[in-house]
Amino acid sequence: DDVEVRGDGVAPNRTLTVTVQQPEWGSVTPPGGVFADGSPVTLTATPNNFFRFATWQGAAAGTSTVASLVMTNNLQVTAVFAEIVTTNHAVPLSWLAQYGFTNNPEVATSLPGSNGMPVWASYVAGLDPGDPGSVFSVETEPAPAGLVLEWNAVSGRVYTIYRSTNLMNGFSPLPGAVDLPWPRHSFTAATDAVEGSFDLGVRIP
């Protein structure tokens with residue numbers, strides 16, 4: 001006798017993994033999931049207020065907020081969002097909004113805060129422009145090895161100490177005290193370098 005065997009093939013499922021690089025800056029729909037083999041999937045990136053979509057990475061590419069995929073394999077996609085910043089001084093709009101500056105951000109960056117500093121300078125220094133006591137300063141304390149300089153350091157900044165023995169000639173970086181990263185918040189100037197005036201600089205690398 002002839003024997004005939006029949007079976008219905010079942011297409012395998014495929015997994016789509018979606019990662020948002022900064023989840024507080026935006027979202028993606030669908031957020032990933034399991035799909036039948038060969039299924040088309042359309043991803044849509046939606047930035048939150050004060051942010052923008054930058055690019056796709058992984059199985060998707062490009063800067064459009066919409067990306068189309070076909071699930072012939074397990075795929076991984078990363079959505080990258082970025083801050084919207086002012087033209088002058090590159091201050092994030094989200095940071096300005098945090099302190100109540102939601103109108104005319106380009107103008108707001110140059111306004112003086114309650115601490116007496118321009119708002120943009122408070123951003124660079126990691127200060128609160130609404131707090132009169134939030135100031136950028138360096139304190140000195142004598143030490144057996146020389147002079148200890150201390151400051152309030154914040155994450156994401158680097159600090160450089162400058163020294164001048166003649167203010168008419170300006171300041172020069174103190175050797176060994178260039179781009180000191182957080183959480184470093186002090187530096188000891190050697191005995192032969194304690195004379196003169198000191199200045200503290202901060203920048204966002």
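A charge is taken to sit over a ring if NZ of Lys or CZ of Arg is within 6 Å of the ring centre and within 35 degrees of the ring normal. By this criterion, the charged end of Arg-157 sits over the ring of Tyr-123, at 5.3 Å from its centre. The model is predicted, so local features need pLDDT of at least 70 and side-chain atom pairs count only at pLDDT 80 or more, while totals for chains, interfaces and linings use all residues. Residues are numbered from 1 along each chain as its sequence is written, and side-chain values use heavy atoms, with hydrogens and water left out.

Aromatic pairs were examined next. Rings of Phe, Tyr and Trp (its six-membered ring) pair if their centres lie within 6.5 Å; planes under 30 degrees apart count as stacked, over 60 as edge-to-face and the rest as tilted. Phe-136 and Tyr-159 form a stacked pair, with 6.5 Å from centre to centre and 25 degrees between the planes. This pair links distant parts of the chain, 23 residues apart. Phe-136 lies in the loop between helix H3 (119–125) and strand E8 (138–143), and Tyr-159 in strand E10 (residues 158–164). Helices (H or I, at least four residues) and strands (E, at least two) are DSSP runs, numbered from the N terminus. Relative accessible area under 20% means buried, over 50% exposed, and in between partly exposed (1.4 Å probe, protein chains only). Tyr-159 is buried, at 0%. Phe-136 counts as partly exposed, at 26% relative accessibility. One aromatic cluster is formed by Phe-53, Trp-56 and Phe-81.

An open sheet has three strands in the order E2-E4-E6, with antiparallel pairing. Strand E2 (26–29) and strand E6 (66–71) stand at the edges. Each has a single partner strand, so one side of each is left without a neighbour in the sheet. Two strands pair if DSSP finds at least two bridges between them. Strand E4 (residues 39–47) and E6 run antiparallel and are joined by six bridges. Val-41 has Leu-69 in E6 as its bridge partner.

His-89 is found in the loop between strand E7 (75–83) and helix H1 (93–98). At 40% relative accessibility, His-89 counts as partly exposed. Leaving aside residues up to four places away in sequence, His-89 touches Thr-109 and Trp-120; contact means heavy atoms within 4.5 Å. The C-alpha atoms of His-89 and Val-124 are separated by 8.8 Å, with the two residues 35 apart along the chain.
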